[in-house]
Amino acid sequence: MKRFINLASLTAVFALILLACGAPAQPGASGQPEGDQVPVTGDATPTAEAGPLQTVDLAGPPMELGSKYVYVDGTVLIAVPGGPFIMGQNFPDNPQREIVVSDFWIYSTEVTNQQYALCVQTGECSPPDPKNSPTYGDYHFINFPVTGVTHTQAVEYCTFVKGRLPSEAEWEKTARGPEGNIFPWGDNSPACVLLNSVACRNRTSFINQYQDGQSYYEAWDMAGNVREWVADWYSPLYNVENPVADPLGPELGEKRSVRGSSYKDKTANQSILAQRLSLDPEANQEDLGFRCIVEDPTQFAPWCETLAYAGTGPYGAEANCTPEVKCNSVSITQSPLCNRQTYTPYTIVSVNLGDTPPDAWTYDVPGCSAIPGEQTAVKDKFTCLPGDVGPASAQGSCVDTVSCASACPPHYNKVGDSCIWDGSGTSGTECLPGATYDPLTQCCSASPGSGVNFGLCPAGTFPLDGACVPNPNAIVDSVVQAVNFIGCSPPEIPGDDPGDDDTPNSCPVPVDPGCSYPFGWDGQCGCVCIKPGFC
């Protein structure tokens with residue numbers, strides 16, 4: 001069955017979560033608040049006379065093992081506390097030694113197609129190389145890592161979110177942990193449940209697919225899926241003798257360092273985290289992406305409204321509840337026919353629902369008439385005549401069969417399927433390009449007419465009925481077809497002379513649909529023989 005979901009549909013979904021900032025909606029409300037109301041904490045109803053909010057300066061999320069924070073582009077940042085770690089593993093260009101790095105926050109996942117597309121949409125980034133980014137621009141792959149980007153493009157994106165590329169030391173500590181694991185998950189040999197290599201998929205994969213392969217700090221895909229640009233110029237002997245803390249790499253060089261393995265790698269040795277690679281910074285590859293480091297997770301002001309999480313992100317109400325999403329399917333069949341009494345073409349259009357439950361679906365066959373007695377919960381039939389007939393369309397639905405309880409991030413109250421800011425938060429006043437900071441309400445909303453739409457489900461999750469779910473198959477099925485008709489005209493009588501009025505070209509009385517030439521309808525009893533020139 002052909003599936004139709006394009007980026008325009010995605011934009012429409014994301015536009016819903018960028019309503020202009022104002023008062024929090026009352027329970028059950030879905031529209032934008034009116035007037036100059038401002039959000040307040042608790043259940044009190046804000047009024048137009050309410051004074052400006054007093055920003056609550058917070059220390060931000062704690063810098064400790066396991067600490068997470070949903071960042072402005074939807075990624076989940078993870079904390080990597082400062083201190084020494086084992087870097088290298090007796091490779092000529094990366095011998096084993098102890099290196100000290102300071103605290104930092106790093107993306108738990110590689111930057112996705114969806115996140116990078118936002119930067120392109122705002123004009124802050126240039127599109128990836130289409131030859132090496134086969135999944136970019138396709139809704140089905142929004143949570144796959146972006147590829148086909150140069151080192152310069154990776155820097156541009158990290159700058160867009162007020163971040164930077166990690167140094168080699170920071171990347172390796174994130175991947176190996178303080179004790180210098182050989183692989184992200186430890187020292188056991190790679191397997192297809194741990195990473196995406198050529199023996200497993202031989203193409204890029206969903207960024208949150210390999211949970212068992214997470215690193216000590218809970219970073220995903222530090223081995224497998226795609227390699228990653230880092231900040232350093234490559235030098236085989238940099239910081240080997242008398243190593244310094246927080247190494248930033250050589251000041252100059254010809255190639256930039258690349259770390260990690262990819263879905264193209266064939267052997268376990270290629271996934272050893274201490275291996276180092278290098279590449280021309282203006283080159284790009286179909287198995288090369290990146291992730292960013294952020295110095296201050298709280299520098300951005302909160303969005304005025306976001307979606308509720310459903311047991312998947314760091315704020316899921318049920319930490320051990322993983323939604324299981326099931327989607328139904330829809331189809332359209334057509335039977336073009338000819339009315340043999342009036343010689344008028346018509347088409348029977350059937351819309352069908354499969355793979356139920358879920359049972360929710362919508363369909364439309366504009367300009368056509370429903371056939372009485374042919375409507376059921378899983379199908380409907382229509383008669384379509386030539387004329388002002390629009391395309392037939394049907395759309396299915398998805399449902400979380402586990403029904404995990406949803407929750408909101410800190411400083412948001414859950415109202416329906418949305419999270420409404422409660423007025424507290426950080427002292428940050430930054431907003432992404434295309435969004436505006438309102439000093440009265442102290443949150444970011446879409447600039448009027450900017451056209452910038454942004455999904456606030458954390459990276460690696462999908463929006464579904466106001467919640468964010470992890471299932472990459474939670475894609476609503478839809479189909480659209482033009483209604484087709486066949487030619488329909490009276491048959492000519494063999495041997496008839498078109499110029500002879502005494503020998504008509506066709507039967508002058510209606511033809512019974514059950515008859516075929518040389519039989520016709522006698523108007524009373526049924527089918528009779530019709531001889532040329534006689535009726």
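**Exercise 1. A strand pair**

Which residue stands opposite Arg-97 in β4? Then work out how the side chains of β4 are arranged.

*Solution.* 
Step 1. The model is predicted. Keep that in mind throughout.
Step 2. Find the partner strand. Strand β3 (residues 83–87) pairs with β4 in the antiparallel sense, over five bridges.
Step 3. Find the facing residue. Met-87 stands opposite Arg-97.
Step 4. Recall the general rule. In a regular strand the side chains alternate between the two faces of the sheet.
Step 5. Apply it to strand β4 (residues 97–101). Arg-97, Ile-99 and Val-101 point to one face and are buried.

**Exercise 2. Two helices in contact**

Describe how helix α2 packs against helix α3. Are they roughly parallel or roughly perpendicular?

*Solution.* 
Step 1. Locate the helices. α2 covers residues 113–121 and α3 covers residues 151–160.
Step 2. Read the geometry. The helices pack at an angle of about 80°, and their axes are 10 Å apart.
Step 3. Classify the angle. Angles of 65 to 115 degrees count as roughly perpendicular, so α2 is roughly perpendicular to α3.
Step 4. List the contact residues. α2 supplies Gln-115, Tyr-116, Leu-118 and Cys-119. α3 supplies Gln-153, Tyr-157 and Phe-160.
Step 5. Sort them by class. The contact has five nonpolar residues, two polar ones and no charged ones.
Step 6. Check burial along α2. Its buried residues are Asn-113, Gln-114, Gln-115, Tyr-116, Leu-118 and Cys-119.
Step 7. Look past the end of the helix. Gly-123 follows α2, and its phi is positive, near 85°.

**Exercise 3. Aromatic pairs**

How many aromatic pairs does the structure hold? Compare the geometry of Tyr-71 with Phe-300 and of Tyr-116 with Tyr-157.

*Solution.* 
Step 1. Count the pairs. The structure holds ten aromatic pairs.
Step 2. Recall what to look at. A pair of aromatic rings is described by the distance of the centres and the angle of the planes.
Step 3. Take Tyr-71 and Phe-300. Their centres are 5.5 Å apart, with 80° between the planes. This pair is edge-to-face.
Step 4. Tyr-71 lies in the loop between β1 (68–70) and β2 (76–80). Phe-300 lies in the loop between β11 (293–294) and β12 (305–310). The pair therefore ties together parts that are 229 residues apart in sequence.
Step 5. Check their burial. Buried means under 20% relative accessible area. Tyr-71, at 3%, counts as buried. Phe-300, at 6%, counts as buried too.
Step 6. Turn to Tyr-116 and Tyr-157. Their ring centres are 6.1 Å apart and their planes are at 25°, so the pair is stacked.
Step 7. Tyr-116 lies in helix α2 and Tyr-157 in helix α3, so the pair ties together parts that are 41 residues apart in sequence. Tyr-116 is buried at 0% relative accessibility. Tyr-157 is buried, also with 0%.
Step 8. Widen the view. Ring pairs link Tyr-116, Tyr-136, Tyr-157, Phe-160 and Phe-290 into a cluster.

**Exercise 4. Surroundings of single residues**

What do Ala-154, Ser-108 and Ser-418 touch, leaving aside residues up to four places away in sequence?

*Solution.* 
Step 1. Start with Ala-154. This residue is in helix α3. Its relative accessibility is 0%, so Ala-154 counts as buried. Its contacts are Leu-165, Trp-229 and Phe-290.
Step 2. Relate Ala-154 to Tyr-116. The two are 38 residues apart in sequence and 9.3 Å apart in space, C-alpha to C-alpha.
Step 3. Go to Ser-108. This residue sits in the loop between β5 (104–107) and α2. At 5% relative accessibility, Ser-108 counts as buried. It contacts Thr-75, Val-76, Ile-78, Glu-218, Ala-219, Trp-220 and Arg-291.
Step 4. Finish with Ser-418, in strand β23 (residues 418–421). Its relative accessible area is 19%, so Ser-418 is buried. Its contacts are Glu-305, Thr-306, Cys-408 and Asn-413.
Step 5. Compare chain and space for Ser-418 and Ala-308. They are 110 residues apart along the chain, yet 5.4 Å separates their C-alpha atoms.

**Exercise 5. An open sheet**

*Solution.* 
Step 1. Note the layout. Three strands form an open sheet in the order β16-β19-β28, with antiparallel pairing.
Step 2. Name the edges. They are β16 (362–364) and β28 (478–481), and each pairs on one side only.
Step 3. Look at one pairing. Four bridges join β19 (residues 392–395) to β28. Ala-394 stands opposite Val-479 in β28.

Methods: Residues are numbered from 1 along each chain as its sequence is written. This is a predicted model: local features need pLDDT of at least 70, side-chain atom pairs count only at pLDDT 80 or more; totals for chains, interfaces and linings use all residues. Side-chain values use heavy atoms; hydrogens and water are left out. Axes are lines fitted to C-alpha atoms, for helices over the stretch in contact, and angles run from 0 to 180 degrees between N-to-C directions. Angles under 35 degrees count as roughly parallel, over 145 as roughly antiparallel, 65 to 115 as roughly perpendicular and the rest as oblique. Contact means heavy atoms within 4.5 Å. Ala, Val, Leu, Ile, Met, Phe, Trp, Tyr, Cys and Pro count as nonpolar, Asp, Glu, Lys and Arg as charged, and the others, Gly among them, as polar. Two strands pair if DSSP finds at least two bridges between them. Rings of Phe, Tyr and Trp (its six-membered ring) pair if their centres lie within 6.5 Å; planes under 30 degrees apart count as stacked, over 60 as edge-to-face and the rest as tilted. Buried means under 20% relative accessible area, exposed over 50%, partly exposed in between (1.4 Å probe, protein chains only).
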